[in-house]
Amino acid sequence: LFDDPVLTGLIERGAHQNLSLQAAGLRIVQARAALGISDALLFPQQTQVNGSLAYIYRDRDDFNSAALGLDVGWELDVWGKYARGIESAEAQLYAAVASYRDVLVSLSAEIARNYINYRTAQERISLSRRNIAIQQRVVDMTQVQYESGNVSELDVQQAKTQLYATQGSLPTLEIARLQSRDALAVLLGVRPEDIEPLLALPGSQQAETEDQSITDINRGEVVAVQYDANSVIPRAPAPDARIDPALLLRRPDLQVAEMLARAQSARIGIAEADLYPQFSLFGSIGVSQTVRAGNSFDLGDAVTAAIGPGLTWNVFQFDRLENRVRIEDALFQESLVNYNQQVLEAVREVSNALEAYRLSRRKSEIDFLAVQASIRAFNISATQYDNGLVSYQRLLSTVEKMTLREDIYA
């Protein structure tokens, strides 16, 4: 929306280099691995190969014993316990993906905010230089009037005071610019000195030449009204006044809350499955041999095999299991309440942002009218003062109003 190639490049770099985003990506890897564990529970949960080789001494007899076996156990998912576990793990994975997008959206917003603050500081520095040039012009005018005997030295000193006060604001604006630059460096995971080339605008050398020409403004020049003609601050089109519910539900933080509620819903089924008997199949096969020391092994002499069904049922723990189900259900209800609360908060945040943006645009339009009027008043008073028609106090009043309004463009 801002259509600023430098800002777009910074956000793309942030998506690849930001450390917080990398950590969120690793949480997706963890959730995907947890889903793989849940999937594997649909297959035989116990598959073990075991073996042993031992030397045995007993009553002056020596024996060598060897054994090799395979044990398999499979709990049948009759009540959907493992299926619900997979459902919960899938929801956790989608929540991790949504959390990654949430971090990405927040990261993009922080990069945009600090970038605009950086450009705003640049713009205010440029406007301060323009004000310094204007006030230098006023100092020159009062100096000429003083040398001609038309005004007292008080007018000259007041003009210089106003000039020095404006010059003293430049370091503060430079600090604000450097702070925004350093914040961008942290967001992109680079050193502050490495971020400067990324912030350079096309034609920046020309802008420096323009700033120099502003500083060297002469008395005959008239202050331009269109300060923002070459503004470096990116601007976005005005958003719609209404909130699109479908667009609002795309917020990643709401998707995270929804997926967490789905995951908790599946855990209720996992807890309920423990109320019922668990059916399983088991099987084992093995070979063993024990011979006197010195004889050869013949592993085929002893072969064992077993297979059959199994049943387990926690019949004397119903109170504990039912209370566990109640806990999981209460946690699910809590997650639904939290989701509804987050939706309301999202509506509030978007509504406030839209109203604030709309009203600030209206205020900005009025402020620009005030700026144009103050510039026009300055030009008139400067001409009249130069011709001895108004006092210096009248001129100083218009200069102060212009200086106070340099932040309107930001």
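Author: Let us begin with helix length: the expected span of a helix is 1.5 Å times one less than its number of residues. Please note that the model is predicted.

Reader: What span should the 67 residues of α3 have, and how far apart are its end C-alpha atoms?

Author: At 1.5 Å a residue, α3 should span 99 Å, and its end C-alpha atoms lie 97 Å apart, which agrees. Just after α3, G149 adopts a positive phi of about 80 degrees.

Reader: How many bridges join β1 and β2, and in which sense do the strands pair?

Author: Strands β1 (residues 46–58) and β2 (residues 61–75) are antiparallel, with 13 bridges. Y57 stands opposite D62 in β2. Two residues lie between the strands of this hairpin, where D59 has a positive phi near 50 degrees.

Reader: What is the count of buried residues in β1?

Author: Buried means under 20% relative accessible area. Among the 13 residues of β1 the count is zero, so this strand is hardly covered.

Reader: How does one find empty space in a model?

Author: Rolling a probe the size of a water molecule over the atoms shows where empty space is left. Here, the largest pocket has a volume of about 1,800 Å³. Its lining comprises 41 residues, with F2, A236, P237, P239 and Y357 nearest the centre. The elements giving two or more residues to that lining are α3 (81–147), α8 (245–248) and α10 (318–386).

Key
Residues are numbered from 1 along each chain as its sequence is written. This is a predicted model: local features need pLDDT of at least 70, side-chain atom pairs count only at pLDDT 80 or more; totals for chains, interfaces and linings use all residues. Side-chain values use heavy atoms; hydrogens and water are left out. On a 1 Å grid over the protein atoms alone, a cavity is a set of points where a 1.4 Å probe fits but cannot get out, and a pocket is an open set with protein on both sides within 12 Å along at least five of seven lines; lining residues have an atom within 4 Å of a point. Grid points are joined across faces, edges and corners, and a volume is the space filled by probe spheres set on the points. Helices (H or I, at least four residues) and strands (E, at least two) are DSSP runs, numbered from the N terminus. Buried means under 20% relative accessible area, exposed over 50%, partly exposed in between (1.4 Å probe, protein chains only). Two strands pair if DSSP finds at least two bridges between them.
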